[in-house]
Each structure stands twice: as structure tokens, then as C-alpha cells.
Amino acid sequence: MLRKTRIGDVGEDPDYRFSLANERTFLAWIRTSLALVAGGVAALTLLPDDFGPSWSQEVVGAVLLCLAAAVAVVSLRRWEATERALRTQQPLPSPSLLRVVAAGVAGCALLILLLALLGR
């Protein structure tokens, strides 16, 4: 049976400042995820009824909530990969999470703009 190795069992302890910086970065991504959750809930509950087509609130809310879930999951994986790289003195992983968030937020902003214009 395969057992996943704990991060603390891999390599050597890095300089604690790097581990703490990695943790702060993870927490910043979690705050971003929470902000996206708040935006999704706000879209589902606070957008006026005349905002775009009747289904627009649900679409905007769902996109923001899905993006929030993706950011939370990917940020944990990134924290683990970075911590493992620090402990084994390997290159840090590429910042793919940045692309996910940038594309998701830009896409959602364009969707909101389009829906708002359709509602006029």
C-alpha cells in the first residue's frame, strides 16, 4: 500500500524564514479565496433583479465560488510543493496559480460587464 510521505519527513529543515514566508504566501492565497467566496455570495444575494438576464446572478456567483474553491485547493498543493522543494534544495515550482487567478478574475470581470450591458 502506498503511503504519502509527510512534508516534515522529506529532506532537511530549511531556514525557518523560508518556511514562514511560504506559509504567509499560502495564507494570502487563502484570503484571496475567501474574498472570492464573499464575492460569489454577494453576487448570489445582493445583485439587483434587473442585472442582466434572469440567470446572470447564478452564473456570476457560481463562477466566483468555483474560482474560490480552485484557488484554495491549488494553493495548498503549491504550499506543499514549495515546502518540499525548500527541504530538498530543488528549484521552486512555477507559479501556475497566478495564471489561474488572473484568468479567472479577468474572465469573471468580463462576464459581469457583458451581463450588465445586456441588462440595460
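Axes here are lines fitted to C-alpha atoms, for helices over the stretch in contact, and angles run from 0 to 180 degrees between N-to-C directions. Helices are DSSP runs (H or I, at least four residues), numbered from the N terminus.

This is a predicted model, in which local features need pLDDT of at least 70 and side-chain atom pairs count only at pLDDT 80 or more, while totals for chains, interfaces and linings use all residues. Residues are numbered from 1 along each chain as its sequence is written, and side-chain values use heavy atoms, with hydrogens and water left out.

**Helix packing**

Helix α2 spans residues 56–88 and helix α3 spans residues 96–118. Their axes come within 10 Å and cross at roughly 175°. The two helices are therefore roughly antiparallel to each other. Contact means heavy atoms within 4.5 Å. On the α2 side, the residues that meet α3 include V59, V63 and L67. On the α3 side, those that meet α2 include L97, G104 and C108. The residues of this contact divide into 15 nonpolar, three polar and no charged. For these classes, Ala, Val, Leu, Ile, Met, Phe, Trp, Tyr, Cys and Pro count as nonpolar, Asp, Glu, Lys and Arg as charged, and the others, Gly among them, as polar.

The axes of α1 and α2 come within 7 Å and cross at roughly 170°. That makes α1 roughly antiparallel to α2. The contact of α1 with α2 has 19 nonpolar, nine polar and three charged residues.

**The core**

A nonpolar core is a set of buried Ala, Val, Leu, Ile, Met, Phe, Trp, Tyr and Cys residues joined through side-chain atoms within 4.5 Å. The largest one has 13 residues. W29, L36, V60, L64, V71 and V101 touch the most other members. Helices α1 (16–46), α2 and α3 each supply at least two residues of this core. Helix α2 gives the most, with five residues.

V60 touches A43, F51, C108, L111, I112 and L115, not counting residues up to four places away in sequence. S56 also sits in helix α2. Leaving aside neighbours within four places in sequence, S56 is in contact with F51 and L115.

**Burial and exposure**

Buried means under 20% relative accessible area, exposed over 50%, and partly exposed in between (1.4 Å probe, protein chains only).

| Residue | Relative accessibility | Class |
|---|---|---|
| S56 | 0% | buried |
| C108 | 4% | buried |
| R6 | 52% | exposed |
| C66 | 55% | exposed |
| Q89 | 70% | exposed |

**Cysteines**

A disulfide is a pair of cysteine sulfur atoms within 2.5 Å. How many disulfides does the structure hold? It holds zero. The sulfur of C66 is 10 Å from the closest cysteine sulfur, in C108, which is too far for a bond.

**Two further residues**

R6 lies in the segment before α1. R6 and E80 are 74 residues apart in sequence and 9.7 Å apart in space, C-alpha to C-alpha.

Q89 lies in the loop between α2 and α3. Most residues other than glycine have a negative phi. Phi of Q89 is near 55°, a positive value in a residue other than glycine.

Key. Angles under 35 degrees count as roughly parallel, over 145 as roughly antiparallel, 65 to 115 as roughly perpendicular and the rest as oblique.
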